[in-house]
Each structure stands twice: as C-alpha cells, then as structure tokens.
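Please open the structure in your viewer and keep the sequence beside it. The stops below go from one selection to the next.

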Amino acid sequence: MKRRSVFLVILILFSRFVMAQESKTDYQKLVKKFIENIKSDNKEAIGDWVVYPLKREYPIPDVTEKADFIKRYSEIFDATLKNEIIKSTPSKGWTEMGLRGVMLNHGSIWLDIEGRLTAVNYRSKAETELRNKIISSQKKALDPSIAFFQTPICILKTSKFKIRIDNLGNNNYRFASWSVEKEMTEKPDLVLNGGELVVEGIGGNHQYEFKKDNYTYECAIIVLGEKNSPPARLTIYQGGKVILSQDATIVSR
C-alpha cells in the first residue's frame with residue numbers, strides 16, 4: 001500500500017513537471033514569433049495580435065485599433081526598444097508570470113498566455129516629445145489659477161461635473177472641478193490640493209482622495225470591477241457619510 005502511494009506521488013509530480021515543460025515550450029514559441037515579427041517590422045502581423053486599446057502614458061492617446069497601431073508603430077517601437085526585443089531570446093530575457101502572461105526583462109513588453117501584445121511600458125523619444133507638446137498645450141489652455149503642474153493624471157466626467165486631476169510634484173495631487181455645462185478653460189468651481197493616491201491590491205484599482213473641512217472627495221479609477229462597473233466613480237463623503245456618488249467616464253488618461 002505504501003509503495004502504491006509513493007508511486008502515485010511520483011506520478012503526480014512527474015505529470016506536473018511535464019505540463020510545466022509543455023507550458024514553457026508553448027510560451028517560448030509565442031515569444032519567438034513576436035521577436036521575428038519585430039525583427040522584420042511586420043506591423044500587420046503584430047497589429048493583429050494587439051489587445052486594444054493599447055495604453056500609452058497620459059496624455060498620449062491610447063492606440064485604439066489596428067490602423068492606429070500601424071500608423072504609430074515606429075513611434076512606439078523605436079530602435080532602442082526593437083534592439084532590446086531582438087537581442088532577447090525566448091529562453092533569455094523573458095519571464096513567465098503565470099496567468100498574467102510573459103514579460104520582457106523588467107516589464108517593458110507584456111504578452112498574454114495566447115501571445116497577444118497587452119502592454120508596452122516604454123516611452124520612445126518621439127512619444128516623450130509628443131507628451132511634452134500636449135502637456136504644454138494643456139497648460140496654455142487652462143485658467144492661470146491651475147496652469148501649473150508636473151504631471152497630468154486624468155480627466156473625468158460625471159452627469160454633473162468635469163474633474164481634472166494633476167500631480168503637482170512629490171505625489172501631491174490636485175482636484176479641479178467644473179459643472180458639466182462649463183468649459184475646462186474657465187476658472188474651476190472648486191480646487192482641492194494635497195490629495196493622496198490610494199492603491200487597492202494588485203488588480204490595478206486605485207483612487208485619489210482629497211479632504212476639505214469635514215468633506216472627502218474620492219475619485220476611484222476602476223480597472224478590475226464587476227461586469228457593469230463604470231470606468232471611474234466620484235464619491236463625496238461628509239463626516240464619513242456618502243452624500244453624493246456618481247459614475248464617471250475617463251475622458252482622457
């Protein structure tokens with residue numbers, strides 16, 4: 001009986017080892033194909049394997065579809081990033097991260113378990129210049145009272161409000177809001193400084209919290225939610241009691 005139990009344990013361990021090796025072989029095939037496509041600049045093939053929208057660092061617009069990806073391919077995959085990818089091999093430089101897929105080096109590129117491109121966490125010189133140009137344009141368009149910040153975070157819109165969140169530096173966040181009928185070039189109806197970023201777990205959900213007197217303004221960004229969850233939500237508390245809660249769309253992030 002003991003021999004049989006030992007045999008079963010060995011069989012189970014061996015089966016798991018074989019499955020792990022097969023999984024490793026599968027992801028290496030996907031990585032190899034991706035490297036080959038990058039090496040040959042096969043934009044069409046890569047574009048078919050992108051999970052859209054492909055996020056870019058705000059305020060650079062996200063890549064929304066294949067045609068957009070092909071148009072911006074060289075802007076995203078510059079010589080530096082292409083060289084990093086081409087110099088890698090499926091067995092060197094890429095790390096399997098379970099259900100999250102595989103990543104290149106410290107996460108500059110992510111592919112899911114089916115080999116689809118899910119993230120490019122790299123900003124080229126061209127994108128940096130574009131980002132700086134957009135930020136400069138934003139500052140010129142804003143009312144002088146809020147035309148200073150280090151990094152723009154996002155713009156939200158609810159049924160009643162337009163909200164802009166900026167990082168003033170050293171993770172000091174600012175909240176500016178307008179009634180939905182107003183233009184964001186006008187002076188804001190409300191400005192709150194000293195906001196904090198609160199991150200929830202590893203799913204990506206996070207929120208920006210701002211306090212004034214007995215009120216707390218919470219702007220939640222919902223990355224991982226229920227089926228019908230909105231992209232964002234504004235909640236206002238008075239003394240810990242919810243006095244307003246509105247779903248929000250992310251106009252720009």
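Buried here means under 20% relative accessible area, exposed means over 50%, and partly exposed lies in between (1.4 Å probe, protein chains only). The model is predicted, so local features need pLDDT of at least 70 and side-chain atom pairs count only at pLDDT 80 or more, while totals for chains, interfaces and linings use all residues. Residues are numbered from 1 along each chain as its sequence is written, and side-chain values use heavy atoms, leaving out hydrogens and water.

Begin with Glu114 and Arg116, whose side chains meet in a salt bridge at 3.8 Å, N to O; a salt bridge is a side-chain nitrogen of Lys or Arg within 4 Å of a carboxyl oxygen of Asp or Glu. Glu114, at 47% relative accessibility, is partly exposed, and Arg116, at 34%, is also partly exposed.

Next select Asp41 and Lys82, which form a salt bridge with the closest N and O atoms 2.8 Å apart. Asp41 is partly exposed at 31% relative accessible area, whereas Lys82 counts as buried at 18%.

Now select Phe77, which touches Phe34, Ile38, Phe69 and Lys82, among others, not counting residues up to four places away in sequence; contact means heavy atoms within 4.5 Å. Phe77 is among the residues with the most contacts inside the largest nonpolar core, which has 23 residues; such a core is a set of buried Ala, Val, Leu, Ile, Met, Phe, Trp, Tyr and Cys residues joined through side-chain atoms within 4.5 Å.

Finally, move to the second, separate core of 19 residues, including Leu156 and Tyr217.
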